[in-house]
Every structure is written in C-alpha cells, then in structure tokens.
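Have the structure open as you read.

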Amino acid sequence: MELHHTLTFPSVIINYLKSYMFHPLLSKLTCCIFFLLPGLMYGLLMARLPAVKAAAELSDSLIGLCLFCTGAFGLVGLGGSPALIRKVGSRMVLCVTAVIAAAGLCLIGFSTALPIVLLGFGAMGIGISMLDVAMNTQGVLYEHYSKSQSMNLFHAFYSLGAVLASLIGSVCATVGLTAGLNFFWASVPFVLLSLLLNKYLLPERRVDEEKTAKTRHKIPLVVLVCAVMALLAYAAEGSVGEWGALYLTTVKEASLGVGALVYGIFSGVTFVARLVGDPLRKEFGEIPVIIFGSVISFIGMVGVLSFSSVALVLVSYSVMGLGLAPIVPTLFSMAGKNGKIPATSTVAFMAYGGLLVVPPSIGWMAQHTNLHEALFIVLGLIALMFSLALLLRKLHK
C-alpha cells in the first residue's frame, strides 16, 4: 500500500502542474485557436447571409431585426458573463458557449420560419458574446502571466477565422451548397476543438479577483472611454460583415460568390495588420496607433461609398480593415491594465451594445432610403471614434 502511494504521488503532482503551470508556447497557441474559432463561426454566418436571406425570404428590415436579436441576446449573455466566469472560470464558459453558438448557427441554416431563424440569431448572440468575454479574459490573463503584449496577435487569429469562413462560404455558395449544410459541417470541428483544447487554457488568477471584487463598482474613466470606443469599432467592423456582402450584391450587382468574399478580404487584411499590431504598440505607443488607425479606416470607408467598381470597393474595405485592425485589441489591453479582468466584461458589454443599435439602424434606414445612404452611418461612427481617441490621449497622459 505504501509502495502504491509512493509510485502514484509524483504522477499526481505532475498532472496537477501540467494543468496549472504556465506554459508560454502551449498557452499562447491554445489561446490563438480559441480566438480563431468564434471568428470562423461569425464570419461564416456573415458570408452566407445573402443565402439565409433568400432562403427565408427576409427583407432588409427583417435582416436588421435578426441582427437586433443577436445584439439583444448578446447583451443578456454579456450581463451574465462576469458572474459565470467568476463561478466556473472562463475555460468552462468557452466549452458551454461553443455548443450554444453552434446550435444557433445550425438553426439559422436549416430553418426558413422566421421565429426559428430569430431564435437561431439569438442563440448565436448569447454564444458569441460570452465566447468574446471568455476569450478576451484569457487574452488578458496571458498578458498578465507572460508580461508581454499579445492581444493584437490573438485578435489576428479571430480575423484569420473570418478569412477561412469567407473562403469556405464563397466556395460553398459557388457550388450551390445550402447554408444549413455549410453551417453544420463547420460546427462539428468547432465544438470538438473547444472540448479537446479547453484544458490547456489558463486558470483565473484569484489574487486579481480578490483585489477587484472590493472595487468592482469603481470603473475607471479610461476603461469607460475604451468601452465606448470599442462599441464604435465593433459597429464599424460589424457593418462590413453584416452588410458588406449585401451591399456588394444588391447595390454593386456583384455575384453571390464575390459577395461572400467581402468579409474575408477585410478580415485577411485585418489578420496581417494585427500580426504587427503589438510591435507597433511597443514602438509608437497605444494611443498613436489608435488615432492613426481611425484616420485610415475613415479613408477606407469613404472609398467604399465613393467607388462604383466592385474591385475598388473591395480595395477600400481592405484599407478600412487595415485601419481598424489594431484598435479593438489595443482597447481591450488598455482596459485590462487599468481595470484588471472585469474590465474585459465592461468593454465587451458596451461593444455589443453597438450591435444592438447600429445594425438595425442601418437596416431601418436602408428600408426607407437605400443601403448606400444607410452606410454613411459608419462614417459618423469612425469620426466619433477619432474624437474619443484624442480624449483618451489626454486621460492616458
């Protein structure tokens, strides 16, 4: 009996250390994959949105209602995320919400009844929003553990997921594969990878939780400004995914295959730009990167609205992606440094508030005027984001 304990005790210790020790490379790769998966799911939905619209015979205003459900249910998920993460940890939250998001995506793809489609968009809203908080919590945890800037890299993999989704969606649209089958075969590896890789994520740091629990009601002004700016940036990025394909196919008369590439091209440029985002932050500082990115994205959106050529519109969306790329991850990182882990929930909550208001507003305006004029809303969002970046520079000083 004593020999048995002597032999098994070291293995117990080793297994414990494997579960809770910080392995920089393994943790970093796992975090990258968990950022990639939600980008793949969301990007696939946006790439096949014209097919969903056609199958369910939805108008622009009903598409806006569907996106409203995504934002509304997303806020519900975000509201419960902080308490749930404190109770069971972000690792468990990532597992459960992966299943919810996959189920919602399949409901959207296989159903043509409006109530079921709305339910699917709602499930996607809850799943993706809680995934967003949990994965950004993991990103902030990694920066705390490693003492390095890595958030732009993690968000780059989110963009890579959207690129892959756009390519898959374009191929499936070209060969005539239904959105339902497309969504189903993407959901299977999404859920399996989430379940298999979950154990390699980082545990929450109890010391941070205990310190911030006493001051949870005090949200620093810097965090609030970061949250509002994230709202504007999310809404601007979301306008590409939610309306880019429809804009190209209905206003610019592009094919469904080309339309499905819009978000992928945008995300491809975003992916490359985010790979150099962290070195740029280190070299020039966080605020200059945000200000310069706002200017670049504004120029890109002007091109989207000005050019009639499909190719030039795609180039303009690429320029817009180049500018927006470093903004959101830098804001999450700045908020995490100023407000610790709960700050990621604050930023994500505000960011998804933009999804509750902006997409339906664009849909409503498109229904009463046209989609081209409705997208001028995005220009206003980027201009406001630039103004707040100047305010953030003063607060940062």
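Which handedness, left-handed or right-handed, does the crossing of H7 and H12 have? It is left-handed, where left-handed means that the near helix is turned anticlockwise from the far one by less than a right angle, and right-handed means clockwise. Before going on, a note on ground rules: this is a predicted model, so local features need pLDDT of at least 70 and side-chain atom pairs count only at pLDDT 80 or more, while totals for chains, interfaces and linings use all residues. Residues are numbered from 1 along each chain as its sequence is written, and side-chain values use heavy atoms, with hydrogens and water left out.

Now the overall picture. The protein has 19 helices and zero strands; both are DSSP runs numbered from the N terminus, with helices (H or I) needing at least four residues and strands (E) at least two. Of its 397 residues, 56% count as buried, and buried here means under 20% relative accessible area, exposed over 50%, and partly exposed in between, with a 1.4 Å probe and protein chains only. Among contacts (heavy atoms within 4.5 Å) with a separation of 6 or more, 86% join residues 24 or more positions apart.

Back to that first pair. Helix H7 (residues 151–175) and helix H12 (residues 262–275) have axes 7 Å apart and an angle of about 155° between them; axes are lines fitted to C-alpha atoms, for helices over the stretch in contact, and angles run from 0 to 180 degrees between N-to-C directions. H7 and H12 are therefore roughly antiparallel, given that angles over 145 degrees count as roughly antiparallel, under 35 as roughly parallel, 65 to 115 as roughly perpendicular and the rest as oblique. The residues that meet include Asn152, Leu153 and His155 of H7 and Val262, Tyr263 and Gly264 of H12. By class, the contact has eleven nonpolar, eight polar and one charged residues; Ala, Val, Leu, Ile, Met, Phe, Trp, Tyr, Cys and Pro count as nonpolar, Asp, Glu, Lys and Arg as charged, and the others, Gly among them, as polar.

H12 also packs on helix H15 (residues 310–324), at an angle of about 35° with the axes 8 Å apart. That crossing is right-handed. Among the residues involved are Ile265, Phe266 and Val269 of H12 and Leu314, Tyr317 and Met320 of H15, and the contact divides into ten nonpolar, three polar and one charged.

What about helix H5 (residues 90–110) and helix H8 (residues 179–197)? Their axes come within 8 Å and cross at roughly 175°, so H5 and H8 are roughly antiparallel. The residues of this contact are 16 nonpolar, four polar and no charged.

Let's zoom in on Arg281, in helix H13 (residues 277–284). At 3% relative accessibility, Arg281 counts as buried. Its side chain makes a polar contact of 3.0 Å with that of Asp278; such a contact is a pair of N or O atoms within 3.5 Å, where within protein one must be able to donate a hydrogen and the other to accept it, and residues adjacent in sequence count only if both atoms are side-chain atoms. Beyond its neighbours within four places in sequence, Arg281 is in contact with residues including Glu143, Asn152 and Thr330. Thr330 is 49 residues from Arg281 in sequence, and their C-alpha atoms are 8.1 Å apart.

Finally, Glu57 sits in the loop between helix H3 (49–56) and helix H4 (60–88). Glu57 is exposed, with a relative accessible area of 71%, and its phi is near 55°, a positive value in a residue other than glycine.
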